[in-house]
Amino acid sequence: FLLDVGLLGALSEMEPSQMLISNKVMTESKGAFTENYVLCQLISQQSIYTYYYSREDSRLEIDFLAQHKGVVFPIEVKAEENLRSKSLSAFISASAQLKAIRFSMLPYKEQYWMRNIPLYAVEESI
């Protein structure tokens, strides 16, 4: 991860026009750019600490674990509206006391186990 999405774009040597045009060029890297954007927004809030979580014995991967005021939030980042979150769902099932956050292109939605927050509202989310 880099401190700025613009730096990530420059280091990827991708033409800026390709990032703005909806085509298959960005399909592979859109998730990485979106995760980098979310992380930049989260770490700009000085009282939030972020971590990555993965288990070696399974394919379980959580994009981020954030800790704020003693509360842990598993976080999933989606660049599109495809919201399948097998790892997040499994993680919450094993840790029922936690409530997940998913950042995506969809509008705000509160569910019993998770809160969906639009990508534009990351900074104001936790």
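The following questions and answers concern a predicted model of a single chain.

User: What share of the residues of the chain counts as buried?
Analyst: A residue counts as buried under 20% relative accessible area. The chain exposes about 8200 Å², of which carbon and sulfur atoms supply 54%. Of its 126 residues, the share that counts as buried is 38%.

User: Why can the buried residues of α4 be said to line one face of the helix?
Analyst: Helix α4 covers residues 86-94, and its buried residues are Ser 87, Leu 88, Phe 91 and Ile 92. Seen down the helix axis, these buried residues of α4 line one face because they fall within an arc of 130°.

User: Which exposed residues does the face of α4 turned away from its buried side carry?
Analyst: The buried side of α4 has a cover that includes β1 (48-54), β2 (61-68), β3 (71-77), β4 (100-104) and β6 (114-118). The face turned away from that side carries exposed residues, namely Lys 86, Ser 93 and Ala 94.

User: Is β3 largely enclosed by the rest of the structure or largely open, and how many of its residues are buried?
Analyst: Strand β3 is among the elements that cover the buried residues of α4. The rest of the structure largely encloses β3, since the buried count among its 7 residues is 5.

User: Which residue is the bridge partner of Gln 67 in β3?
Analyst: Strands β2 and β3 run antiparallel and are joined by 5 bridges. They form a hairpin with 2 residues between them, and Lys 69 in the turn has a positive phi of about 55°. Within β3, the bridge partner of Gln 67 is Val 72.

User: Which residue in β4 does Ile 75 stand opposite?
Analyst: The pairing of β3 with β4 is in the parallel sense and extends over 3 bridges. In β4, the residue opposite Ile 75 is Ile 101.

User: Is His 68 buried or exposed?
Analyst: His 68 has its place in strand β2. Leaving aside neighbours within four places in sequence, His 68 is in contact with Ser 47, Ile 48, Phe 73 and Ile 126. The relative accessibility of His 68 is 14%, and the cut-off for a buried residue is under 20%. Therefore His 68 counts as buried.

User: Which element gives the most to the lining of the largest pocket?
Analyst: About 460 Å³ of space lies in the largest pocket. Its lining has 16 residues, and those closest to the centre are Asp 63, Glu 76, Val 77, Lys 78 and Arg 84. At least two lining residues come from each of α3 (30-43), β2, β3 and α4. With 3 residues, the element that gives the most is α3.

User: Which residue in β6 does Ser 104 stand opposite?
Analyst: Strand β6 is mostly covered, with 4 of its 5 residues buried. β4 and β6 pair in the parallel sense over 5 bridges. In β6, the residue opposite Ser 104 is Pro 118.

User: How many residues lie between β5 and β6 in their hairpin?
Analyst: Strand β5 (residues 109-110) pairs with β6 in the antiparallel sense over 2 bridges. Glu 110 stands opposite Arg 115 in β6. Between β5 and β6, the number of residues in the hairpin is 3.

Methods: Residues are numbered from 1 along each chain as its sequence is written. This is a predicted model: local features need pLDDT of at least 70, side-chain atom pairs count only at pLDDT 80 or more; totals for chains, interfaces and linings use all residues. Side-chain values use heavy atoms; hydrogens and water are left out. Buried means under 20% relative accessible area, exposed over 50%, partly exposed in between (1.4 Å probe, protein chains only). The arc is that of the directions from the helix axis to the C-beta atoms. Contact means heavy atoms within 4.5 Å. Accessible areas come from the Shrake-Rupley method with a 1.4 Å probe; for residues, only the protein chains shown count as cover. Two strands pair if DSSP finds at least two bridges between them. On a 1 Å grid over the protein atoms alone, a cavity is a set of points where a 1.4 Å probe fits but cannot get out, and a pocket is an open set with protein on both sides within 12 Å along at least five of seven lines; lining residues have an atom within 4 Å of a point. Grid points are joined across faces, edges and corners, and a volume is the space filled by probe spheres set on the points.
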